[in-house]
Amino acid sequence: MPGDGEVGSAGGLLDVVDDGSTLHLWLGNGLPSIEAGRQALAPFCARLALPPRVVNRLEVVFEEIVSNIVRHGFVSGSAQRIRVTASATPAAVHLRFEDDGMPFDPLARAVPPPLHTLADAPLGGLGIALVRKLAASISYTALAETHRPGGFAPVNRLEITLSSA
Amino acid sequence: MEAERTQFISLEAIAAAKHGERRHCLEQVSGADIGRRHPIGATTLRLGRLPPADIVIGTAGVSRVHCELALHDDRLIVADLGSTNGTFIDGERITGPSPLPVGSILQVGDEFFKHELLTGTQLQKSAELDRDLAAALAYVEALLPAPLSDGPIRADWVYRPSARLGGDVFGYGYLSATRFALFLVDVSGHGASAAMHGVAVMNLLRQSALPGTDMADPGAVLAALNALFQMERHGDMYFTIWYGVYDTASRQLDYACAGHHPAFLLPLRRDDALPLRTRNALVGASTGRRYSAAQTTIPHGASLYLFSDGVFEIVTGEGLEWGLADFLPALLAAPQSGLSESQRLYRHVCAQSRTRELVELDGRLDTAGVGAIETAFAAMTAAVGQPAIVDLTRVTFLASLGVRLFISTARAVDRKGHKLVLFGATPAVTEIIETMGLEEIVPVVATQAEARARASA
């Protein structure tokens, strides 16, 4: 995990682009981004008529990843944005999370062993462990630094597929 | 000592406010001083059970000099100073100097603190509120009568507000050479407004200042109070009262009771205890009421017990809710030599009572939701040294921070030899519990009855 950045207070939904099949959400660096983003995902879930348990999984994955980024991923000076792209096929929902925070591969850490006793249960890394278990597939890409003044230069890309069955 | 420290907080806060800075602060989230905030400044602070510790916490499990707190580069570092019971951050015992992140819970003995970053204005407000509540409580206590240790009537009492301030007040005193009045009032609700209402009622009674009313006539006193304190003109508050007047010459006690449980008259043969009560409407809840009174003769050497419902509305260590009937055996039990009756009963109730062990959660346990409840949740479960039963029926969403909260509090409860048990999870919450394997380390059951059984197993 990179050094904890400042949790900004300026979070929230910056923009939504929905072309009817793919949804793009632009989120700021702050905890309000989580709830604002979840609400912006609701019409997407409704349009696909996803069953409640898939919606729950999607919300949990969204919560964990965005929460991780806003709580740990940003350092001052970056543009501090997250782009979430959601699309679907009949069998699956695809989520892509891109941010311009500190480079961080959440999958580099070993999958923690199953919880065994209360005394030795880990308190960290639970979110990523949960996402890995809920996802049908997950992959991380470190993006080359492409300087685009005024634009969005994502550093991290995480792609997650959820089965919609 | 107390006043000096409060003043210190206030001055620091004003200085910080001028600079628009945020200040590190430890907020007590358990125990009698819940809500009290201790600002952390540039100097290292020591926390311990006795002065000269900077933060004095006089409760069980805290060592004389327990731990030390200091800011390094705006990070709060905690070091245990060889305490007997250890220092814990989010449920983990620290072995060396450790950072206490903002939002984390520090546990010292049986007390829990949350690390917060507050603006000077927030700190100043909290210091003012502390001071105001302490002043209000001191004011109420100053109005209470002194115990009577000689004369034909002797009186003794214990006064402990359940929250920081409540609406229970009482008083007694002579109306004339032979007539002695006594009363206990319980205003609906808690907090400053209930206390102010209680004080208003108490002041009228202790100064015998009800207009045109014979203070020796309990029915007339209650009717006059009802006319004066109608709830629509008094912030929707009403009260229950027990009021009596004893004549030392005739040995007659006249009494009236409105919505209150009985007082108990115990003759020397304690088994002949007599409940003294008349049935009347609550004072302030309806207009034009007549209040019935009754009369009884007081035998030589008898005692009258007058108490608020706080002594019996408790939850015991076994999770049973007490009522008046549960308190009566203790009341009837023999006095203890060397202990006043009020002290004997107070100790008995303290020994039985526990904070409510069932914790109901509501809403979404997401990042924001967990942030909003974790302090109170830790205080209601881990801090109280008993099993914790958590009702998830109305939790609609669970994410990893919620799972983490359950693990860290279950661990703290477990360290005290008890269990934290979850029940009533919805399908969405169950899927996350099972995906994480949380049920392997924390009992998760379907119903409250099963949860109680598991918690006491």
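This is a predicted model: local features need pLDDT of at least 70, side-chain atom pairs count only at pLDDT 80 or more; totals for chains, interfaces and linings use all residues.
**Notebook: helix packing and the A–B contact**

I took residues as numbered from 1 along each chain as its sequence is written, and chains as lettered from A in the order in which they are written. Local features need pLDDT of at least 70, side-chain atom pairs count only at pLDDT 80 or more, and totals for chains, interfaces and linings use all residues.

For the contact itself I noted, among others, A:I34, A:L41 and A:C45 from helix 1 of chain A, and A:L58, A:F62 and A:V66 from helix 2 of chain A (contact means C-beta atoms, placed from the backbone, within 7 Å). By class, the residues of this contact are 8 nonpolar, 3 polar and 3 charged.

I then checked the geometry: the axes of helix 1 (residues 32–48) and helix 2 (residues 52–73) of chain A come within 10 Å and cross at roughly 150°, so the two helices are roughly antiparallel (angles over 145 degrees).

Next I turned to the chain pair, where the contact takes 23 residues from chain A and 24 residues from chain B. On the side of chain A that touches chain B, helix 2 of chain A gives the most, with 7 residues.

Last, I looked up the layout of chain A, which has 3 helices and 6 strands (DSSP runs of H or I, at least four residues, and of E, at least two), in the order β-β-α-α-β-β-α-β-β from the N terminus on.

Terms used: Axes are lines fitted to C-alpha atoms, for helices over the stretch in contact, and angles run from 0 to 180 degrees between N-to-C directions. Angles under 35 degrees count as roughly parallel, over 145 as roughly antiparallel, 65 to 115 as roughly perpendicular and the rest as oblique. Two residues are in contact if their C-beta atoms, placed from the backbone, lie within 7 Å. Ala, Val, Leu, Ile, Met, Phe, Trp, Tyr, Cys and Pro count as nonpolar, Asp, Glu, Lys and Arg as charged, and the others, Gly among them, as polar.
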